[in-house]
Amino acid sequence: MTSLPKLSFCAAAALLVSACAGGSAGSSGQVRTPAASTPAAGGGFRAPQIMRNAGLESVIGQRAASLSRRFGDARIDLSEGDARKLQYVSDRCVLDIYLYPLQANADPVATHVEARERQGGADTDRAGCIADVERAATVR
């Protein structure tokens, strides 16, 4: 008996597991996931790290409703526990905005932003992508 079917099954299983891992792959192929507001040891709340990069001030700290008014309907809107991911697109880029509560039982707000080129997926300037997505929303 040949080991080819076993090898194919193992390769397929590895792909399935990596697809379920989530996150976004950067140009280096590494998977990045933002810091989550997961329970700390003992079950308490752990506040997320807030991205403080220049040019993101108009997004960081905003609630989902405010982002939707600004950018329109998200292409992807995912929730898991108290975390949420909104994805917006322009002709040039893809913008992922991650929202987490800043304190226990609070509404989630944008704490982290990722941006990548639509063609090829290379990282791109976050502030520039925000402006592109906003322009695209006003054209619609």
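Reply: Happy to! Buried means under 20% relative accessible area, exposed means over 50%, and partly exposed is in between, using a 1.4 Å probe and protein chains only. This is a predicted model, where local features need pLDDT of at least 70, side-chain atom pairs count only at pLDDT 80 or more, and totals for chains, interfaces and linings use all residues. Residues are numbered from 1 along each chain as its sequence is written, and side-chain values use heavy atoms, with hydrogens and water left out.

Me: Thanks. Is Asp132 buried or exposed?

Reply: Asp132 is buried, because its relative accessible area is 14%.

Me: And which residue does Arg92 form a salt bridge with?

Reply: Its partner is Asp132, and the closest N and O atoms are 2.3 Å apart. A salt bridge here is a side-chain nitrogen of Lys or Arg within 4 Å of a carboxyl oxygen of Asp or Glu.

Me: Where do Arg92 and Asp132 lie?

Reply: Arg92 is in the loop between E4 and E5 while Asp132 is in helix H3, so the pair ties together parts that are 40 residues apart in sequence. Helices (H or I, at least four residues) and strands (E, at least two) are DSSP runs, numbered from the N terminus. Arg92 counts as partly exposed, because its relative accessibility is 36%.

Me: What else does Asp132 meet in a salt bridge?

Reply: The side chain of Arg135 meets Asp132 too, at 2.4 Å from N to O. Asp132 and Arg135 are three residues apart in helix H3, so about one helical turn separates them.

Me: How many salt bridges does a search of the whole structure find?

Reply: The search finds eight salt bridges. One of them joins the side chains of Asp96 and Arg116, at 2.5 Å from N to O. That pair links distant parts of the chain, with Asp96 in strand E5 and Arg116 in strand E6 (residues 108-117), 20 residues apart.

Me: Why do Asp96 and Arg116 count as buried?

Reply: Asp96 counts as buried because its relative accessibility is 0%. Arg116 is buried because its relative accessible area is 19%. Salt bridges that share partners join Lys85, Asp96 and Arg116 into one network.

Me: Lys85 is new to me. What is the bridge partner of Lys85?

Reply: Lys85 sits in E4, and its bridge partner is Leu78. Strands E3 (residues 76-80) and E4 (residues 83-89) run antiparallel and are joined by five bridges. For two strands to pair, DSSP has to find at least two bridges between them.

Me: How many residues are between E3 and E4?

Reply: There are two residues between them in a hairpin, and Gly81 in the turn has a positive phi of about 60°.

Me: Switching to disulfides: which cysteines are joined?

Reply: Cys93 and Cys129 are joined, with S to S at 2.1 Å. The cut-off for a disulfide is a pair of cysteine sulfur atoms within 2.5 Å. The link is right-handed, with 100° about the S-S bond, and both cysteines are buried.

Me: Last one, which residues does Ile130 touch?

Reply: Not counting residues up to four places away in sequence, Ile130 touches Gly55, Leu56, Val59, Arg70, Phe71 and Leu95. Contact means heavy atoms within 4.5 Å. Ile130 lies in helix H3 (residues 126-139) and is buried, with a relative accessible area of 3%.
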